[in-house]
Amino acid sequence: MFSTEFEYKKAGSVSEAIQLLSDNSDAKIIAGGHSLLPLMKLRLARPSLVIDIGGIEELKGITVEKGTLRIGALTTHAEIASSSEVQSAAGILWEAAQGIGDPQVRNRGTIGGNVAHADPASDLPTVLTAMNAEFIIQRAGGITRSGSRTVSVGDFFTGAFTTALGENEILTGIEMPVLAENQHAEYAKMAHPATSFAIVGAAVVVTMDGQTCTAASIAVGGLTPIPVRAPSVEQALAGQELTEETITAAAGLVVNDLGSDILGDIFASAEYRRAMAAVELKHAVFHATGLAHG
Ligand SMILES: Cc1cc2nc3c(=O)[nH]c(=O)nc-3n(C[C@H](O)[C@H](O)[C@H](O)COP(=O)(O)OP(=O)(O)OC[C@H]3O[C@@H](n4cnc5c(N)ncnc54)[C@H](O)[C@@H]3O)c2cc1C
């Protein structure tokens, strides 16, 4: 199906894009177009104006400064997947980006578009939840800190396909703490065979003192409208020597944290996804601790 007719404007700066958004109540931002265009072709989105932010340089790039990794919203998955900075600062994100879709999706799709679209099956919301990321959102007033607000990942995703982004706001970047040497992180997913979207995904960051886990940050997604933290598992792992037995026992507790809103569809029932959460979580912790495939 073709989309309904729309006007197209290319914004040269963040402030121009925000001005265009403010002046046109049913306008939509387009970044890589990999989620917006399918929605428009299905006529689930009918913007009268599409504002292309693809040429705005200030929204691109990866920096590491003072223990913080910052990724511009317009950075593509391919750029993240091939960045040595991301590899050493947040290897979990580097690896997750490599597993997104196919080369076309990774070359066009952006981290900003991925999280703004907030598809429950996306990988990055789950990874960014475990990484305690923060989202920098720009309102009118240019790309200075004064015109922006910062939203923590726990407040950013508000429901399936909905976020804390306001009508005339643009996500400019995402920040997260650089992983310490004694922190190991992994993302494991059961991927949809056609698209690679997550049927179930689990992201873990474990802080180790020798073989003992001193803290864990764990999120699961794909099976719930927004990623959920797994405090039952985090608490069960903390203070434990991580062995096959302790990891397996802790991962099984994830069912306590999933809530009742589990997604099911023709690919995988809710019941199946619920059962697979512990499997993917265990897989991720095994990889993080070097116990996988041993
Ligand atoms: C075949 C296929 C397979 C895929 N597989 C996976 C997968 O395995 N894992 C995965 O995680 N994802 C997957 N995706 C999604 C992909 O990762 C894209 O990142 C995602 O589609 C959106 O990014 P985009 O840059 O194309 O955004 P767009 O489609 O341009 O925009 C998406 C939405 O975000 C808004 N938006 C975009 N940028 C901003 C911004 N800076 N500020 C505010 N709002 C903004 C737009 O207005 C729109 O509503 C897949 C997509 C396709 C088509």
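**Close-up 1. Glutamate 186 sits in strand β11 (residues 183-191).** Helices (H or I, at least four residues) and strands (E, at least two) are DSSP runs, numbered from the N terminus. The model is predicted: local features need pLDDT of at least 70, side-chain atom pairs count only at pLDDT 80 or more, and totals for chains, interfaces and linings use all residues. Residues are numbered from 1 along each chain as its sequence is written, and side-chain values use heavy atoms, with hydrogens and water left out. Glutamate 186 is buried but has no salt bridge. Buried means under 20% relative accessible area, exposed over 50%, partly exposed in between (1.4 Å probe, protein chains only). A salt bridge puts a side-chain nitrogen of Lys or Arg within 4 Å of a carboxyl oxygen of Asp or Glu. The nearest side chain of opposite charge, lysine 189, is 12 Å away. For charge, Lys and Arg count as positive and Asp and Glu as negative; His and the chain ends are not counted. Glutamate 186 touches Ile92, Glu95, Ala202, Ala203, Val204, Ala284, His287 and Ala288, leaving aside residues up to four places away in sequence. Contact means heavy atoms within 4.5 Å.

**Close-up 2. Four strands form an open antiparallel sheet, ordered β11-β12-β13-β14.** The edge strands, β11 and β14 (228-229), each pair on one side only. Two strands pair if DSSP finds at least two bridges between them. Strand β11 meets β12 (residues 198-209) through 9 bridges, antiparallel. Within that pairing, glutamate 186 stands opposite valine 204 in β12. Helix α5 (residues 91-98) packs on the sheet and touches β11 and β12. The direction of α5 makes about 20 degrees with that of β11. Axes are lines fitted to C-alpha atoms, for helices over the stretch in contact; angles run from 0 to 180 degrees between N-to-C directions. Helix α12 (residues 270-288) lies across β11, β12 and β13 (212-221). Helix α12 runs at about 35 degrees to β12.

**Close-up 3. Strand β10 (residues 170-177) is largely enclosed by the rest of the structure, because 7 of its 8 residues are buried.** Strand β5 (residues 68-72) runs antiparallel to β10, joined by 5 bridges. Here glycine 72 stands opposite glycine 173 in β10. Strand β6 (residues 134-138) also pairs with β10 in the antiparallel sense, over 5 bridges. Phenylalanine 135 stands opposite isoleucine 174 in β10.

**Close-up 4. The protein is divided into domain 1 (7-52), domain 2 (57-177) and domain 3 (185-288).** These bounds come from an automatic or database domain assignment. The centres of domain 1 and domain 3, taken over C-alpha atoms, are 35 Å apart.
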